[in-house]
Amino acid sequence: MMRATKSIEEPDVVLYMDPIPVGWSGVPHRDKGFANFELTSVCNTLVQVLMHVPSFVHWMLKSQHEISCPAKESCLLCATISLRQQLDSQLIVRPEQFCELMNDASDDAHEVMRDILLMLHANVMSVYSSLVMSTWSERTSPIFQMFGGLWKVSASCCGTTFQPFLSIEVPLVASSLQVCLDGLGAKNICKICKSAVKSVMTVHSAPTVLIINLGRLLGNGSFCDKEIIIPPDIILQERFSYRHLSTVFASGGHIDNVNYSALTSCPNGILHVFTDASFKRVNAASLLGDPKYLKSSYMAVYELRKEIKIVETMVTEEHISKAVPEIISSSTKESTPFSARVTSTQKKWDVSPISVPNSTTGTRKRKQLIFEENQLNSMNQGHDEGSPITLDRSAATTTSATTTSATATTINTATCSFATASTWTTIPSCSIGTQTTTEQDENRALRATSVLSLAKCWTQSATEFRFFTGLTQENFCVLYKLLGGDDVFSKLKMDYKLSTPSKNEKKLKLPLQDRLFLTLIRLRRGTPLRDLGFVMGISQSQASEIFYAVLRHMYLTFQHFKERMLLTVEQQKKKMPKVFKPFKNLRVIIDGAEFKLQVPSNFQQQGNTYSDYKACNTAHFIIGINLHGGISFVSKAYEGAISDKQATLDSSLLDMLQPGDALMVDRGFELKAECMMKKITLLRPPSLGQRDKFTPKEVLLTKAIAKARIYVEHAIGKIKDFRLLRYTIPNKMIPYMEDMVYVCACLTNFDPPRIKTKPSKKTAKRKAKKPSQKPAKKTKKPSKELVETKSKKKPL
């Protein structure tokens, strides 16, 4: 990450997209000391410096890194976040884990600070260990965006190179830090090859947090005790304005004394000096007059305030005579008018600028994403009345004119490969071949347009990540491993043509995990494929191929768990919710679910898919849940005109149940005779028939079944939370209707249990009862006459 490069490249992925905040506005600030553990003064001081960097504190409080960290015990970033949380509750914080991880650190504050930043960067990158990314993508991590910068070095030996840095070492050539910084531009040695050649260094990308190491250690091993004034504000190469955050200095005034202290600038302008667990307020005037502080200052930390834009203008003698009279007095000897290029950083003259350099601070403009729903072309298909909707995949793929017959899918669990008669097959290696230089340039330009990827969304909170995908970051990793991981996703053939299988179109290779990420966003948010392809830097056709390939693979994978999902009665007895306890041997609760379809142009299909209940064209499914709210059964897709009874019998659900099991249904499922033949108990609300009212027992039974059946309605609502199924399904997507509903139903099982068990009344009273509660007052016993009158009352 820290090596020099000849050119600047666009990153494949941007790990952190949020703008880096500057200042303490909206960031909580705490002044607490850190306990010393066996000569850990340098670690305590540098941690105190990090806790007084507002941008770093703001990112730590927002990152939620500890949730997705693979190694929490050995993670320095998790230890730093824990220290920041302890500042809110403890008076003196004990940084034991942090000091233990940095026990091999040297006494040099420069080296320790560099090691801390590199370890924090490595901890951030450990979350993305499964992603293959370039060096420029690694430099988009939040640590490098805050503390990292980029030098542009021009030398005759090595040409123009770009050197990243985390800190700047300044030789002490003057008594002011500002004067020392002004001499950094020219060097007599090349920083790359170390040859004695003059080179020019300019800041191409300035860091948000600038760490300046004062060159106290000389080349001969001696120590420079020169007094250096550290100003509250500095300007780096006349372009970047910084304000002071903290200063690290040796308390003894010499480098041999490793007892370091930190001078910090608080949000209200107050200065504090921290020495391990103790800190005190100091005066700026008295501190600048203290020679011990001026001679022992070792490191200074500044925060970027703004970039001074250099305005280059073409001016005439008339403009110069108004702005700079000194130049006219020295140039009156010339009789002819002249023009000159003047660079101004403080005063803007009243002239039209020729060019204004763009900002090079490394910030990126955020693009606002607006999705629009697109209507797809309809596809005419005819079906017989009462038959399930067939999945004719040859009509919706880019195969040749030859129509293949539907064959059974073969699955090889040993090699995690699968093959079907349609386009969803596997090959030994990825179908993307070697690309030429022109194609690589096109793909690089295509990546530059990508504004959405898994790496960019991974650092968001679990709620925001679940909003777009329906899963948390942890469940996403579990699902990706369940589907086979990189070994399987790399073998998915996205574009396979039977006529010319070896002449496939070479397209941009989307990262493997981003393919699953694209599919989940398509299902959860209903985003059109054209929009997904645009925001992820690929074409619409490639986004379509990836979506349908991954969707089919998820469907085939989840089909392995079809029988395991239907739990037995014994498996569901543990922690059974109270609402189901009145029903003995209850195994599954079913109900019908209908999804709206686009009106077909075929007249026969219009009648077959029309639902009288929904008053529109629908696809009909039978959904079943277990006693904990998880979806345990999903039938095939049927046309909307089919009845609930016929769909249940055709789905072979009764064949999967065992004799003695109980099945709970709605009043429309008239399955009494069929269940009696298979010795299955049918729990169905009673019908009124020709009677005027229900009996009291029937009323209680109806209420009990209604309380239990409401959870299957909730489960169907969870499936329709995937917006691709919530609205009208185009006719072109009818062949994939069964795959989408089954996959969305299985994805809802990644959520926590929908039915929560409540504690009994005795345990609730025991928890609510306080130990200091006064004993209840003794009440008078009722008289014998009152007891006799109450006993004579008849029960209801």
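1. A search of the whole structure finds 17 aromatic pairs (ring centres of Phe, Tyr or Trp, the last by its six-membered ring, within 6.5 Å; planes under 30 degrees apart are stacked, over 60 edge-to-face, the rest tilted). The pair Tyr-260 and Tyr-298 is tilted, because the ring centres are 6.0 Å apart and the planes stand at 45°. Tyr-260 belongs to strand 11 (residues 260–265) and Tyr-298 to strand 14 (residues 297–307), so the pair ties together parts 38 residues apart in sequence. Helices (H or I, at least four residues) and strands (E, at least two) are DSSP runs numbered from the N terminus. Both Tyr-260 and Tyr-298 are buried (under 20% relative accessible area; exposed is over 50%, partly exposed in between, with a 1.4 Å probe and protein chains only).

2. This is a predicted model, in which local features need pLDDT of at least 70 and side-chain atom pairs count only at pLDDT 80 or more, while totals for chains, interfaces and linings use all residues. Residues are numbered from 1 along each chain as its sequence is written, and side-chain values use heavy atoms, leaving out hydrogens and water.

3. One aromatic cluster is formed by Trp-458, Phe-465, Phe-476 and Phe-517. Two arginines lie over rings: Arg-139 over the face of Trp-136, at 4.5 Å from the ring centre, and Arg-524, whose charged end is 4.9 Å from the centre of the Phe-722 ring. The criterion is NZ of Lys or CZ of Arg within 6 Å of the ring centre and within 35 degrees of the ring normal.

4. Asp-276 is not a glycine but has a positive phi of about 55°. Asp-276 sits in the loop between strand 12 (271–275) and strand 13 (278–282) and is buried at 14% relative accessible area. Lys-575, also not a glycine, has a positive phi of about 55°; its loop runs between helix 23 (569–572) and strand 20 (586–596), and Lys-575 is exposed at 64%.

5. The structure holds 17 salt bridges (a side-chain nitrogen of Lys or Arg within 4 Å of a carboxyl oxygen of Asp or Glu). Among them, Asp-661 and Arg-587 meet at 2.9 Å, N to O. Asp-661 lies in the loop between helix 26 (653–656) and strand 25 (662–664) and Arg-587 in strand 20, so this bridge ties together parts 74 residues apart in sequence. Asp-661 is buried at 6%, and Arg-587 is buried at 5%.

6. Glu-570 bridges to Lys-573 with the closest N and O atoms 3.4 Å apart; Glu-570 is exposed at 60% and Lys-573 partly exposed at 45%. A network of salt bridges links Asp-591, Asp-666, Arg-709 and Glu-713.
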